[in-house]
Each structure stands twice: as structure tokens, then as C-alpha cells.
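Let's take a walk through this structure, one contact at a time. Have the sequence and the 3D view open as you read.

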Protein chains: 2
Amino acid sequence: MTDQLSRVFAALADPTRRDMVARLTEGDHTVNDLAAPYDVSLQAVSKHLKVLEDAGLVTRTREAQRRPVHLEAEVFDLMTKWIERYRRQAEERFTRLDAVLARMQDDDPSTTSTLTEGTAS
Amino acid sequence: MTDQLSRVFAALADPTRRDMVARLTEGDHTVNDLAAPYDVSLQAVSKHLKVLEDAGLVTRTREAQRRPVHLEAEVFDLMTKWIERYRRQAEERFTRLDAVLARMQDDDPSTTSTLTEGTAS
DNA sequence: CGCCTTGTCAACCATCTGGTTGAACAAAGC
DNA sequence: GCTTTGTTCAACCAGATGGTTGACAAGGCG
């Protein structure tokens with residue numbers, strides 16, 4: 001899993017990490033702060049943050065002994081782009097398919113196989 | 001990882017599975033058909049499809065011995081909703097923060113802590 | 001009928017993941 | 001300088017994941 005997009009998706013596949021991201025939208029938090037609501041060790045939370053950081057979703061700076069965690073919302077665009085691209089493509093296909101099916105009603109109904117039919121792989 | 005959103009994110013965290021989804025936007029495919037471009041066994045592809053199916057991203061029907069795989073694009077909305085919600089929230093915060101920082105220039109500069117400041121968890 | 005095609009199931013294996021505990025480190029505070 | 005606070009590192013463990021091979025079920029076809 002080397003590419004960033006994979007890391008971002010993987011990072012958000014965990015409910016705890018999604019919740020952390022959600023809470024970080026209201027502002028930066030320290031690790032302790034972030035860990036509070038969850039019933040796991042501080043170390044576990046630290047690991048989650050490493051995953052989020054490796055995905056580029058958060059950055060950590062240093063402020064005295066504290067390590068404020070900051071959300072990098074731009075990475076969301078990476079996902080949105082991917083999702084929107086294929087969603088749009090899928091929707092376009094449905095529209096095309098509807099047209100094909102409409103045409104077929106005037107045609108021979110035995111050609112309703114749909115699989116391996118149009119699109120010419 | 002019980003909830004669907006987690007399963008969807010996890011499913012798309014794999015490049016091979018993302019590629020399958022991408023190719024399915026152009027139309028349904030058989031398992032063999034889907035497996036062709038990848039240098040893995042058919043069984044491995046079958047497993048990937050199970051992951052996608054469990055996430056609700058694809059459905060498989062039966063057509064003779066073939067099992068056409070069909071993309072269910074609606075699930076994308078689940079992700080988009082989640083992403084957009086928090087992206088918007090994060091952007092709003094940035095706007096608010098800009099305002100705060102602007103106000104602070106007329107104020108005492110020593111209150112620039114930002115961490116643990118407002119929001120009052 | 002017997003066989004080939006298509007795909008899944010089962011068992012196995014290496015690696016990753018998310019959790020644990022205990023120790024260590026870094027920066028303030030006393 | 002020692003302690004307290006905040007966080008990470010290291011070792012370990014159970015379970016999930018992604019791959020393999022081998023067997024086999026289900027449906028056309030010669």
C-alpha cells in the first residue's frame with residue numbers, strides 16, 4: 001500500500017480515526033486531549049495519529065512538551081476527486097443504458113443480454 | 001470494522017480494488033474478465049470481489065455459469081457525505097480563525113496560543 | 001455422457017493492524 | 001537536579017488481510 005490515496009482510504013477505514021478527524025475539524029488538539037473519549041491506551045491513540053500523519057491527513061508540530069495535532073483538509077480533495085470521477089462516469093453509463101433499453105423496446109427483445117453486450121470491452 | 005462506511009473505505013484502500021471499481025463504471029464484467037489485467041490468481045480476484053460486495057459497492061447476479069459483477073454507485077454517496085461534511089466544517093473553521101487572527105492584531109499579541117483556546121470541548 | 005469453462009470454497013502462509021504493557025525521552029516546573 | 005507532564009518507542013500478541021494451491025460445484029457443449 002504505497003500510494004497516498006490508498007493510505008488515506010485505509011486511514012479513514014477505522015471509526016476511531018474518523019472520529020478523531022471529525023473532532024479535529026473544530027480545531028487543533030493535543031494527543032492527550034484527543035485520547036480522552038476513547039477507552040484505549042494513549043499509545044494506541046499515538047499509533048492512530050501516526051497512521052493519519054502518514055496519510056497526510058494531519059500534521060504535528062511542537063509546542064512546549066505538547067504535540068498539537070492539526071488537520072490538513074486538502075487531502076480530502078484527493079479522495080473527492082477519485083470518487084467524483086468514477087461516480088460521474090457510472091452515472092453517465094446509466095443514462096446511456098437507459099437510452100439503449102428504450103431503443104430496444106422497438107427492437108428484437110431477445111438481445112436483452114446486457115452482459116458483454118455494448119461498450120465493446 | 002462493523003459499519004458500512006468503514007467497509008467502504010477499507011475496500012477502496014486497495015489499488016487493485018479501486019481499479020476494478022474504475023473498470024466497472026464502463027459496464028458489468030465477469031470475474032474472468034475483471035481478473036485478466038492483474039497478475040494474481042482468479043481466486044485472489046474472487047476474494048477482492050467479496051470485499052467489494054460486503055462493502056455494498058458491487059452486486060453479483062447469476063447468468064448461466066457466469067456471475068456478472070455490477071457496480072452500485074449509490075454507496076459513493078455515503079463517503080461523499082462524510083467527507084463533505086467535515087471538509088466544510090474544517091473550511092468554516094479556517095475562515096473563523098482568519099477572523100480571530102485579524103482581530104488579534106489590534107489586541108494583545110501574547111494570546112496567540114491557538115491551542116486549547118476557544119471551542120471549550 | 002463426459003468434458004471444459006467459470007467461479008467459489010478450504011486450508012495454509014506471510015505480513016499488516018490494532019491493541020497491550022513497560023521503558024524511555026523531552027520540556028517545564030519546583 | 002529531580003519530578004511531573006506529555007508523548008513516543010519497543011516488544012509482544014491476536015486477529016484480519018492478501019496471496020497461494022488444490023478440490024469441486026454448476027452450467028454449456030462436442
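This is a predicted model: local features need pLDDT of at least 70, side-chain atom pairs count only at pLDDT 80 or more; totals for chains, interfaces and linings use all residues.

In chain A, the axes of helix 2 (residues 15–24) and helix 4 (residues 42–54) come within 10 Å and cross at roughly 70°. Helices here are DSSP runs (H or I, at least four residues), numbered from the N terminus; axes are lines fitted to C-alpha atoms over the stretch in contact, with angles from 0 to 180 degrees between N-to-C directions.

Residues are numbered from 1 along each chain as its sequence is written, and chains are lettered from A and ligands numbered from 1 in the order in which they are written.

Who touches whom? On helix 2 of chain A, look for A:Thr16, A:Arg17 and A:Met20; they meet A:His48, A:Val51 and A:Leu52 of helix 4 (contact means C-beta atoms, placed from the backbone, within 7 Å).

Now over to DNA strand D. It has 24 residues around it, and A:Thr30, A:Asn32, A:Ser46, B:Ser41 and B:Ala64 come nearest (near means a C-beta atom, placed from the backbone, within 6 Å). Helix 4 of chain B gives the most to this surface, with five residues.

Finally, a rotation of 180° with 0.0 Å of shift along its axis superposes chain A on chain B, RMSD 0.1 Å (least squares on C-alpha atoms of residues with pLDDT of at least 70 in both). That is the relation of a two-fold axis.

Key
Helices (H or I, at least four residues) and strands (E, at least two) are DSSP runs, numbered from the N terminus. Two residues are in contact if their C-beta atoms, placed from the backbone, lie within 7 Å.
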